[in-house]
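Please read them with the structure open.

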Amino acid sequence: MMPIHSPDGHHRGNSGRAGRRYVATTAGGLLVSLLVTACVTSGGSESTRSGAGQGAPGSTWQNWDPEQWARNAAEFTNPVIEGLWNPQRMRDAREPGKAVGAEASSARGVSDPEPVPVEARPVRTPYHRHAAPVGKIFFDSPEGSQTCSGTVIKDPARPGRSNLVWTAGHCVHAGREGGWFRNIVFVPSFNDAGRPVDDTANISSEQLAPFGTWWADWAGTSDQWMSEGTAQGGAGAPFDFAVLHVKAAPGSDGRSLEETVGAALPVAFNGPPVQEIPALSAWGYPAAAPFDGSTMHFCSDEPGRLSLKEAEPTMYRIGCTMTGGSSGGGWFTADSEGNAVLVSNTSIGPDPAVWLAGPYLGDTARSVLDNVSGHVAQ
């Protein structure tokens with residue numbers, strides 16, 4: 001069997017799997033069933049974690065001067081600004097973009113042929129019944145209000161009461177040329193009924209955000225993303241992942257995010273090589289044309305490998321026509337017991353959209369989760 005690179009530069013084959021076998025998640029049924037079942041039955045290093053500062057909100061968050069833009073892990077601040085993310089502002093948010101160019105077509109190392117495009121399909125509504133852990137992330141950047149996707153994941157320090165969201169690094173931090181984005185929130189089951197964008201102008205905040213708006217008060221991403229990541233191209237993509245710890249908006253009932261939505265998915269670190277995954281399913285809210293960000297979609301395909309640099313981990317790649325805005329959305333498969341697990345997230349894709357690639361989640365990714373989880377549990 002051909003090996004896959006781990007984030008530490010090692011190869012992982014069958015010997016690293018401990019006999020664990022992954023089964024297919026077909027486009028039409030299994031993953032939806034897994035997520036529905038979950039909804040029914042569910043009640044790094046120091047530099048990869050960040051604390052949320054408090055203080056009176058004002059206009060200072062709009063200052064993107066490089067000398068004033070918080071960049072380092074310990075400088076993350078995200079004070080709640082009540083009423084900021086109203087329905088109009090959510091509708092106006094645009095995709096951040098992370099398209100790759102010629103560097104992907106000239107990939108090095110272990111790469112499989114470019115996959116055949118797989119048409120993105122709409123997720124069944126209401127989302128809270130068919131994909132409760134999936135939602136939209138909104139944030140402010142120097143380019144304006146932007147949007148990504150995210151997934152509620154389990155917190156090893158708080159079983160059954162997680163407040164953690166998995167997403168992409170480029171949805172929370174600008175990488176080597178910038179710092180932390182601001183006013184980061186997570187909205188699970190956004191636009192629950194899947195109304196067209198023209199209709200969302202006439203629906204309430206409760207319909208757009210059926211489980212409320214959850215503000216990030218802690219964040220973590222990889223050191224590699226912060227030092228290497230770029231807004232365009234593939235730089236930093238093998239380490240393009242992040243974890244948010246969120247809290248409910250003022251006036252909530254005190255339940256955790258997992259308890260509120262009824263589900264959270266485990267993350268499968270040091271997971272399966274592509275040869276052992278019959279299918280991966282990527283979920284999210286694509287927002288660039290021909291999509292408008294109002295509705296959830298997914299693609300399911302047999303994964304291949306994409307290697308951008310020989311010295312960096314090999315990424316997963318699938319055929320998919322989802323565009324920007326789906327960034328950060330979870331990639332799911334089923335474990336040997338038929339339970340849905342998150343094994344990657346959308347990081348990069350070409351324009352026009354024909355495929356997506358996501359990072360392999362190894363020890364570096366695990367440390368990001370452990371640091372966020374461990375700090376909040378203290």
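Notes on the disulfides

1. The cysteine at position 171 comes up for comment at the outset: Cys 171 has a relative accessible area of 0% and is therefore buried. The model is a predicted one, and the values below are computed from it.

2. Cys 171 is bonded to Cys 148, with 2.1 Å between the two sulfur atoms. Cys 148 belongs to strand β7 (residues 144-153), whereas Cys 171 sits in the loop between β8 (164-167) and β9 (182-188), so the bond ties together parts 23 residues apart in sequence.

3. The link of Cys 148 and Cys 171 is left-handed, with -85° about the S-S bond.

4. Cys 299 is in strand β13 (residues 297-301) and Cys 320 in the loop between β15 (315-319) and β16 (330-334); the two are 21 residues apart, and the pair links distant parts of the chain.

5. For Cys 299 and Cys 320 the angle about the S-S bond is 70°, a right-handed link. Cys 299 has 1% relative accessibility and counts as buried. Cys 320, at 0%, is buried too.

6. How many disulfides does the rule give? The count is 2. With the bonded cysteines of the chain numbered in sequence order, the pairing reads 1-2, 3-4.

Technical notes. Residues are numbered from 1 along each chain as its sequence is written. This is a predicted model: local features need pLDDT of at least 70, side-chain atom pairs count only at pLDDT 80 or more; totals for chains, interfaces and linings use all residues. Side-chain values use heavy atoms; hydrogens and water are left out. A disulfide is a pair of cysteine sulfur atoms within 2.5 Å. Helices (H or I, at least four residues) and strands (E, at least two) are DSSP runs, numbered from the N terminus. Buried means under 20% relative accessible area, exposed over 50%, partly exposed in between (1.4 Å probe, protein chains only).
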